[in-house]
Amino acid sequence: MGKWQGAWLLAKYELRRSKKGYFMSAIFLIYLLIFLLPLIYNALSRKANDDGVYEVTYWTIDFIYICLLSIIGLFIGKLYMNYWKNDPLGKKLALWRTLPITSEHVVYGKLIQTTIGVFLCQIPFYSAFYFMIYYSDLAVSLDAFIFFFCLWLTISFLILFFVIYLELVKPGKIYSIIYFSYMLIIMIAIATYSFFARNSLVLLSLQQFEEGNYSWLIVAVVVTAAVYIVGLRFTVKQLDNRDYFG
């Protein structure tokens with residue numbers, strides 16, 4: 001069986017099992033948008049008071065985008081609820097490797113599954129996002145918003161690659177430790193940036209696209225493409241050498 005044929009069969013199998021999880025993820029994002037849009041509105045219209053509210057607003061916006069939106073493609077069901085204790089994915093991978101399923105099938109199947117999941121979750125989110133902006137008095141053009149969507153979708157895939165790598169290659173406890181450490185570091189970094197720069201990376205990127213500066217998107221696409229080109233092969237090799245019972 002070819003690499004992509006086997007990967008697609010695995011992806012279809014996982015997607016069928018995860019339909020409810022993706023649906024709930026999309027609903028969660030729309031629900032999240034109800035709280036996110038007023039923050040963006042206040043920040044863009046400069047209605048916040050100059051007493052530290054800016055920093056909290058900016059931090060919240062960036063945290064939602066960088067941490068929550070980037071991993072929403074993995075919110076696919078009960079599999080991740082007891083990852084620390086039981087490592088259910090590791091056990092499933094060990095079972096798969098006793099079958100005629102190669103590491104390439106597993107890695108590229110996960111890539112297909114996650115890509116579809118990200119689009120299923122984020123397209124409704126950004127569609128509702130632009131719909132709400134369109135009927136507000138925020139001056140955000142459609143072309144700027146499209147580039148904005150492409151940028152943060154690209155960043156989502158960049159972060160998701162590292163999460164997928166950890167998920168496939170590392171045991172459940174190590175995965176959980178590294179993942180939550182990443183979340184903590186990102187929270188601290190965002191808070192530091194918001195406090196000293198008094199700005200939001202998310203809103204700054206939107207402003208850049210409004211001004212016709214597309215360098216952020218170009219850099220993000222080049223970096224993400226390079227990571228996937230090199231990283232997918234590296235992940236396959238690491239998965240070949242993984243000890244599922246250690």
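Visitor: What makes the span of helix α6 (residues 103-134) close to the expected one?
Guide: α6 has 32 residues and reaches 46 Å from its first C-alpha to its last, close to the 46 Å expected at 1.5 Å a residue. The expected span is 1.5 Å times one less than the number of residues. This is a predicted model: local features need pLDDT of at least 70, side-chain atom pairs count only at pLDDT 80 or more, and totals for chains, interfaces and linings use all residues. Residues are numbered from 1 along each chain as its sequence is written, and side-chain values use heavy atoms, with hydrogens and water left out.

Visitor: Where does α6 bend?
Guide: At Q122, by about 25°, and a proline, P124, follows within four residues. The bend is the angle between axes fitted to the seven residues ending at a position and the seven starting there.

Visitor: How many helices and strands does the protein chain have?
Guide: The chain comes to ten helices and zero strands. Both are DSSP runs numbered from the N terminus: helices are H or I of at least four residues, strands are E of at least two.

Visitor: Why is R198 called partly exposed?
Guide: Its relative accessibility is 35%, so R198 counts as partly exposed. Buried means under 20% relative accessible area, exposed over 50%, and partly exposed in between (1.4 Å probe, protein chains only). R198 sits in the loop between α8 (172-197) and α9 (201-210).

Visitor: What is the phi of R198?
Guide: Phi is near 50°, a positive value in a residue other than glycine. Most residues other than glycine have a negative phi.

Visitor: Which residues have the most contacts inside the largest nonpolar core?
Guide: They are Y65, Y126, F129 and F148, in a core of 73 residues. Helix α7 (residues 142-169) gives the most to this core, with 18 residues. Such a core is a set of buried Ala, Val, Leu, Ile, Met, Phe, Trp, Tyr and Cys residues joined through side-chain atoms within 4.5 Å.

Visitor: Why is the pair F145 and F148 called tilted?
Guide: The planes are 40° apart and the centres 5.8 Å apart. Rings of Phe, Tyr and Trp (its six-membered ring) pair if their centres lie within 6.5 Å; planes under 30 degrees apart count as stacked, over 60 as edge-to-face and the rest as tilted, so this pair is tilted. Both residues are buried. F145 and F148 are three residues apart in helix α7, and therefore separated by about one helical turn.
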